[in-house]
Amino acid sequence: MIKYIGSKRMLVPLIRAAAAQLPARRACDLFAGTTRVGQALRALGLEVVSNDLATYSEVIGQAYIAAGRTVDRTRLEEVLAELNALPGRDGYFTEAFCRHTRYLQPQNGMRVDAIRDAIDGYELSEVERGIVLTSLLEAADRVDSTTGLQMAYLKGWSARSHQPLELRLPPLVPGPPGTVLRRDANELAGSLDVDLVYVDPPYNHHSYFSNYHVWETLVRWDAPEQYGVAGKRTDCRERKSRYNSRRQAPAALAELLAALEAPWLIVSFNDEGFHDPAHVQELLGERGFVARIDVDSKRYVGAQIGIYNPRGKRVGRVSHLRNQEHLFVVGPDKARIAAVIQAVAASGSNAAVGAASAVAASRPAA
């Protein structure tokens, strides 16, 4: 699993505990990212629709959501062994992300160039191609030199960046195979035929497309023009989401929630973004009974390290090192919502004291 600021690693146990209490057979992860939540839902036995606009998310979804037992994994092991044996080749990736910028060391960048070129020469199904590309993404991530974001890279090489890039076969996730889409979430919402939707939209001005532009380029393999110290794709300037706008994000989320017809929703965001928890809870209360769980957590590793200028000198002060994640579960059955709160509490998570009272404060949908 690649390092990802929006992976929901800490929330997955709560989401899994909550979803296990709901009468759902099909679920959609509308903003899938690395598919961590979708994998947890699949492992519960749900058929998952994994959706995200990012191309890298699409291939990760093929590897972990769509791939089933019919995939010839022995053949893919052989393919990865052949790719692992290739000598490095100096190309666009090495120049763009190892010399012009410093995301990977050149010897590993050259391996990426050689392997990524070779992948397109194999006859692979869409799912097989997703598995192989995910293997390369994860291999590159294991030897990168960042804090987990691609808005910048470390001034000095990280210890892991000295390790050789190595392809590994992504494991099969238990549960039924799902579907992978690359659609605008708001446009997709009204056509979904599922019982449960997980909604975790971008909630501040940072775009995931920009935050992980290196992986987007590795998958697309389109050698885009770059700009800035971080060497971002030029289309990062053009590709803007309403969810990355303080003015537009609340309305975008309200429209999304109104369009969803699934009886059960799980919604999450943290307190550093554009969404007011009380307002979101009010919107969700119009749909049914609501459980709210607030979880204290560390901020991303970049905040722990601090703020530095381009010369590597520490400047300024990080305002805070912890934030609060808000998790909402909404549906038509009060008893189920009460069971969700009990299940989350039993999971040992840091649930808010006021979570249980949310059931009584909520109202059923009209």
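This is a predicted model: local features need pLDDT of at least 70, side-chain atom pairs count only at pLDDT 80 or more; totals for chains, interfaces and linings use all residues.
Trainee: Where does Pro202 lie?

Mentor: Residues are numbered from 1 along each chain as its sequence is written, and side-chain values use heavy atoms, with hydrogens and water left out. Helices (H or I, at least four residues) and strands (E, at least two) are DSSP runs, numbered from the N terminus. Pro202 lies in the loop between strand 4 and helix 9 (208-211).

Trainee: Does Pro202 count as buried or exposed?

Mentor: Start with the cut-offs: buried means under 20% relative accessible area, exposed over 50%, and partly exposed in between (1.4 Å probe, protein chains only). Pro202 has 13% relative accessibility, so Pro202 counts as buried.

Trainee: Which residues does Pro202 touch, not counting residues up to four places away in sequence?

Mentor: A contact means heavy atoms within 4.5 Å. By that test, Pro202 touches Phe31, Tyr208, Tyr243, Asn244 and His275.

Trainee: How many Å apart in space are Pro202 and Gly273, C-alpha to C-alpha?

Mentor: Look at the sequence first: Pro202 and Gly273 are 71 residues apart there. In space, their C-alpha to C-alpha distance is 8.3 Å.

Trainee: Which residue of strand 4 is the bridge partner of Ala27?

Mentor: Two strands pair if DSSP finds at least two bridges between them. Strand 1 (residues 26-29) and strand 4 pair in the parallel sense over three bridges. In strand 4, the partner of Ala27 is Leu196.

Trainee: Which residue in strand 7 stands opposite Leu196?

Mentor: Strand 4 pairs with strand 7 (residues 264-270) too, in the parallel sense over four bridges. Opposite Leu196, strand 7 has Trp264.

Trainee: Which residues point the other way from Leu196 and Tyr198 in strand 4?

Mentor: Strand 4 covers residues 196-199, and all are buried. Leu196 and Tyr198 point one way. The other way point Val197 and Val199.

Trainee: What is the relative accessible area of Glu325?

Mentor: Glu325 lies in strand 9 (residues 322-331). Not counting residues up to four places away in sequence, Glu325 touches nearby parts of the chain including Lys8, Tyr203, Phe269 and Asp294. Glu325 is buried, with a relative accessible area of 13%.

Trainee: What is the phi of Thr35?

Mentor: Most residues other than glycine have a negative phi. Thr35 lies in the loop between strand 1 and helix 2 (36-43), and is buried with a relative accessible area of 0%. Thr35 is not a glycine, yet its phi is positive, at about 70°.

Trainee: What does Ala223 count as at 43% relative accessibility?

Mentor: Ala223 lies in the loop between helix 10 (213-220) and strand 5 (226-227). Its phi is positive as well, near 45°. At 43% relative accessibility, Ala223 counts as partly exposed.

Trainee: How many aromatic pairs are there?

Mentor: Rings of Phe, Tyr and Trp (its six-membered ring) pair if their centres lie within 6.5 Å; planes under 30 degrees apart count as stacked, over 60 as edge-to-face and the rest as tilted. By this rule, the number of aromatic pairs is eight.

Trainee: What kind of aromatic pair do Phe97 and Tyr103 form?

Mentor: Both Phe97 and Tyr103 are buried. The centres of Phe97 and Tyr103 are 6.1 Å apart, with 70° between the planes, and the pair is edge-to-face.

Trainee: The charged end of Arg102 sits over the ring of which residue?

Mentor: A charge sits over a ring if NZ of Lys or CZ of Arg is within 6 Å of the ring centre and within 35 degrees of the ring normal. Arg237 does this with Tyr227, 3.8 Å from the ring centre. Arg102 does it at 4.3 Å, over the ring of Trp157.

Trainee: Why is helix 1 (residues 12-19) largely enclosed by the rest of the structure?

Mentor: Val12, Leu14 and Ile15 are among the buried residues of helix 1. Helix 1 is largely enclosed because its buried residues number six of the eight.
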